[in-house]
Amino acid sequence: MQQEFLFALTLSALPVVSNFIGATIAEALPTSKQTLGLALHAAAGVLLAIASTELIPKVVIAKPVWATVLALFLGGAFFVWVNQLLNLSKNRLRGIDLNTVSLAIFLSIAIDLFGDGLMIGTSLTISPHLGVVLVSGRVVAHIPEGFVTNAAFKSQNMPRTLRFLLLAAFIIPVWLGATLGYWGLRGQAELPKLVVLAFTTGTLMVAIAEEIIPEAHQTQDTNWSILTFIGSFALSILFSSYLE
């Protein structure tokens, strides 16, 4: 049991590692809208594939199905509410205190990673295959997120040491989420696990539709962006099928 929990912590740490990789790229290279756009399209394709082929099918077979569908809706509504609060905070603080604006950015990513940890910890109590597939998608998605986060920190003239300390601190919310998901649902009936999974799926779907894709279209969009999106979608399904 302890080895399984250590496996859950290891898997849940991978999105933080990929976030750090994206931040390192932003540190070493000048920001390119075309590169960022390709990365965001790839992330959207991978996450959409995971949501449609791995998560939704499990949500709709639950009994009673209304419980998981309601959780799916509430997860999306929760994301909208949290995002609205963070946007209000950023708008009110913009131009007043750059350190406080940086804190708002940090909190938004921390909430996202907490949800990742919760999803990964919960999924591992259902099946190791599901946990590995979810982690693979979040690893791809967090590379552009880390790139954008560190670029935002740099634009506010935050010292490099502080930037990387904040990026390293992201391990705390993701491990907290994984611990709650794993120990809170281990040994429970199938329905509570699927309800939590449905809730996090709702947040993921809204994030794809309202955050990742709109952000991708604000960059330098080309035909390569579209091919990257559908290519990453197809490769993600292929990868998942070989893990079966």
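A residue is called buried when its relative accessible area is under 20%, exposed when it is over 50%, and partly exposed in between, using a 1.4 Å probe and protein chains only. Keep that scale in mind during the tour, which takes place in a predicted model where local features need a pLDDT of at least 70, side-chain atom pairs count only at pLDDT 80 or more, and totals for chains, interfaces and linings use all residues. Residues are numbered from 1 along each chain as its sequence is written, and side-chain values use heavy atoms, with hydrogens and water left out.

Of its 244 residues, 46% count as buried.

Next, colour the chain by pLDDT, the predictor's confidence in each residue, from 0 to 100. The chain averages 81, and 85% of the residues score at least 70. Among the helices, select α7 (residues 171-185), where confidence is highest at a mean of 91, and then α4 (residues 98-126), where it is lowest at 75. Now select residues 92-98, where the pLDDT is below 50 and where the model shows 4 contacts beyond near neighbours in sequence; a contact means heavy atoms within 4.5 Å. Where pLDDT is low, the predicted coordinates should not be read in detail.

Move on to helix α1 (residues 2-28) and select Ser18, which lies in it. Is Ser18 buried or exposed? Ser18 counts as buried, because its relative accessibility is 2%. Show the residues around Ser18 and, leaving aside neighbours within four places in sequence, you will find it in contact with Arg138, Val139, His142 and Ile143.

Stay in helix α1 and select Glu4, together with Arg186 in the loop between α7 and α8, which is 182 residues apart from Glu4 in the chain. Side chains of opposite charge can pair when their charged atoms come close. Here the two side chains meet in a salt bridge at 2.8 Å, N to O, the term meaning a side-chain nitrogen of Lys or Arg within 4 Å of a carboxyl oxygen of Asp or Glu. Arg186 has a relative accessible area of 29%, so it is partly exposed, and Glu4, at 40%, is partly exposed as well. How many salt bridges does a search of the whole structure find? The search finds 1.

Finish at helix α8 (residues 190-217), whose 28 residues reach 39 Å from the first C-alpha to the last.

Conventions: Helix = DSSP H or I, 4+ residues; strand = E, 2+ residues; numbered from the N terminus. Expected span 1.5 Å × (residues − 1).
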